Amino acid sequence: MRLSGISYAEALRAFQRRYIIEVLAAEGFHLGRTSRQLGVHPNTLTRTTHDLRINVGEIRKNRPEVIRALLTA
């Protein structure tokens, strides 16, 4: 990653985004179960998904297509 010019902050954000999406998918996009699995308060998860521009409602509607797009972004 460093060789491709990605900053630490960008790499961290990309990791967080991918990790949260994968846990959301594993928990059926249920924020309460996902927050317990991640060990964070549900409000923290909601705020983090907003900050990372993860639209859980949109993912629920179009799971396969949206997940693929999010994980490759």
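Predicted model: local features only at pLDDT ≥ 70, side-chain atom pairs only at ≥ 80, totals over all residues.
Residues are numbered from 1 along each chain as its sequence is written, and side-chain values use heavy atoms, with hydrogens and water left out.

Now to the overall picture. The chain has five helices and zero strands, where helices (H or I, at least four residues) and strands (E, at least two) are DSSP runs that are numbered from the N terminus. Read from the N terminus on, the order of elements is α-α-α-α-α, and of the 73 residues in the chain, 26% are buried.

Let us return to Glu27 and ask which side chain it meets in a salt bridge. The partner is Arg33, at 3.6 Å from N to O, and a salt bridge is defined as a side-chain nitrogen of Lys or Arg within 4 Å of a carboxyl oxygen of Asp or Glu. Side chains of opposite charge can pair when their charged atoms come close. Arg33 counts as partly exposed, because its relative accessible area is 36%.

By this rule the count comes to two salt bridges, and the other pair to look at is Glu22 with Arg18, whose closest N and O atoms are 3.1 Å apart. Glu22 and Arg18 are four residues apart in helix α1, so about one helical turn separates them. Glu22 is partly exposed, with a relative accessible area of 39%, and Arg18 is partly exposed as well, at 41%.

Tyr8, Leu12, Phe15 and Tyr19 make a nonpolar surface patch of about 490 Å². Patches are made of residues with over 30% relative accessible area and no salt bridge, with like charges joined within 9 Å and nonpolar side chains (Val, Leu, Ile, Met, Phe, Trp, Tyr) within 5 Å; the areas come from the Shrake-Rupley method with a 1.4 Å probe, and for residues only the protein chains shown count as cover. Tyr19 counts as partly exposed because its relative accessibility is 43%.

Gln16 is also found in helix α1, and at 34% relative accessibility it counts as partly exposed. Although Gln16 and Leu52 are 36 residues apart along the chain, their C-alpha atoms are separated by 8.2 Å.

Finally, let us turn to the loops. Most residues other than glycine have a negative phi. Phe29, however, has a positive phi near 60°; this residue lies in the loop between α1 and α2. Is Phe29 buried or exposed? Phe29 is buried, because its relative accessible area is 3%.

Arg53 is not a glycine either, and its phi is positive at about 60°. Arg53 is found in the loop between α3 (42-51) and α4 (56-61), and, with a relative accessible area of 68%, Arg53 is exposed.

How values were computed: Buried < 20%, exposed > 50% of the residue type's maximum accessible area, 1.4 Å probe, protein only.
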